[in-house]
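Colleague: I have just been handed this structure and have never looked at it before. Could you walk me through it, starting from the inside and ending at the surface?

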Amino acid sequence: MEENKVNVKKLTLIAVSALLFCVIVGALVFIFGKTEEPVLDGKCYSLGTPGDIEHYTTISFSHGKFAIMFSYLSSYIGVGDYSVSGDVLTLPTDDGRYVYRFFIRENGEKLVFDGKNSSEMRWFSETMDGAEFVILELGSSLQENLRETK
């Protein structure tokens, strides 16, 4: 009988040790394994210039949501929740019809369109695979661009 008590104690000790090990490793992965994702909220990216009515494309981000407008000639504006996995940005539209993917470059200063893994519908725009979207400055440069188009 004494032999069984020793085995139960050893098994309990092994189980508690394994559980403690898992908790410690999990905490370390949580603390040190997290990579900082670029913050996209509050940013707006563009391809083309505001004066190019047919081919000007914009993407804006706010509160975990996105809005993408491919062309002023289209009435469709894709909206939905965005997700970031590593350096891949995924934009699935809320209506479930389209998914657009981008590579995040230069710490979030540029988005590079992944046309091969995105929906084909792009509403008159010239958004091709590899197209680079840059942050749209909502200050004087936008106002200057708008003045030039009048």
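Colleague: Which residues touch the most other members in the largest nonpolar core?

Modeller: Before I answer, please keep in mind that this is a predicted model, in which local features need pLDDT of at least 70 and side-chain atom pairs count only at pLDDT 80 or more, while totals for chains, interfaces and linings use all residues. Residues are numbered from 1 along each chain as its sequence is written, and side-chain values use heavy atoms, with hydrogens and water left out. The largest nonpolar core has 21 residues, and Phe61, Leu89, Leu91, Phe102 and Leu111 touch the most other members. A nonpolar core here is a set of buried Ala, Val, Leu, Ile, Met, Phe, Trp, Tyr and Cys residues joined through side-chain atoms within 4.5 Å, where buried means under 20% relative accessible area, exposed means over 50%, and partly exposed is in between (1.4 Å probe, protein chains only).

Colleague: What does leucine 111 touch?

Modeller: Not counting residues up to four places away in sequence, leucine 111 touches Tyr45, Ile59, Phe61, Leu89, Phe102, Phe103, Ile104, Ala131, Glu132 and Phe133; contact means heavy atoms within 4.5 Å.

Colleague: Is threonine 90 buried or exposed?

Modeller: Threonine 90, which lies in strand E6, counts as buried because its relative accessibility is 14%. Leaving aside its neighbours within four places in sequence, threonine 90 is in contact with Asp81, Tyr82, Ser83, Val99, Tyr100 and Arg101.

Colleague: Let's turn to strand pairing. In what sense do E1 and E2 pair?

Modeller: E1 and E2 pair in the antiparallel sense over four bridges, and cysteine 44 has serine 60 in E2 as its bridge partner. E2 also pairs with E3 in the antiparallel sense, over five bridges, with threonine 58 standing opposite methionine 69 in E3. Two strands pair if DSSP finds at least two bridges between them.

Colleague: How many residues are between the strands in the hairpin of E2 and E3?

Modeller: There are two residues between the strands, and in this hairpin histidine 63 takes a positive phi near 55°, although histidine 63 is not a glycine. Histidine 63 is exposed, with a relative accessible area of 73%.

Colleague: What about asparagine 107, where is it found?

Modeller: Asparagine 107 is found in the loop between E7 and E8, and asparagine 107 has a positive phi of about 55° although it is not a glycine. With a relative accessible area of 73%, asparagine 107 is exposed.

Colleague: New topic: how many salt bridges does a search of the whole structure find?

Modeller: The search finds five, a salt bridge being a side-chain nitrogen of Lys or Arg within 4 Å of a carboxyl oxygen of Asp or Glu. One of them joins lysine 65 to aspartate 81, with the closest N and O atoms 2.9 Å apart. Lysine 65 lies in strand E3 and aspartate 81 in strand E4, so this pair ties together parts that are 16 residues apart in sequence.

Colleague: And which side chain does aspartate 87 meet in a salt bridge?

Modeller: Aspartate 87 meets arginine 105, at 2.7 Å from N to O. Because aspartate 87 lies in the loop between strand E5 (83-85) and E6 and arginine 105 in strand E7, the pair ties together parts that are 18 residues apart in sequence. Elsewhere, Glu106, Lys110 and Glu132 are linked in a network of salt bridges.

Colleague: Finally the surface: which residues make the nonpolar patch of about 310 Å²?

Modeller: That patch is made by Ile53, Tyr72 and Leu73. Patches are made of residues with over 30% relative accessible area and no salt bridge, with like charges joined within 9 Å and nonpolar side chains (Val, Leu, Ile, Met, Phe, Trp, Tyr) within 5 Å; accessible areas come from the Shrake-Rupley method with a 1.4 Å probe, and for residues only the protein chains shown count as cover. Tyrosine 72 is in the loop between strand E3 (65-69) and strand E4 (78-81), and tyrosine 72 is partly exposed, with a relative accessible area of 42%.
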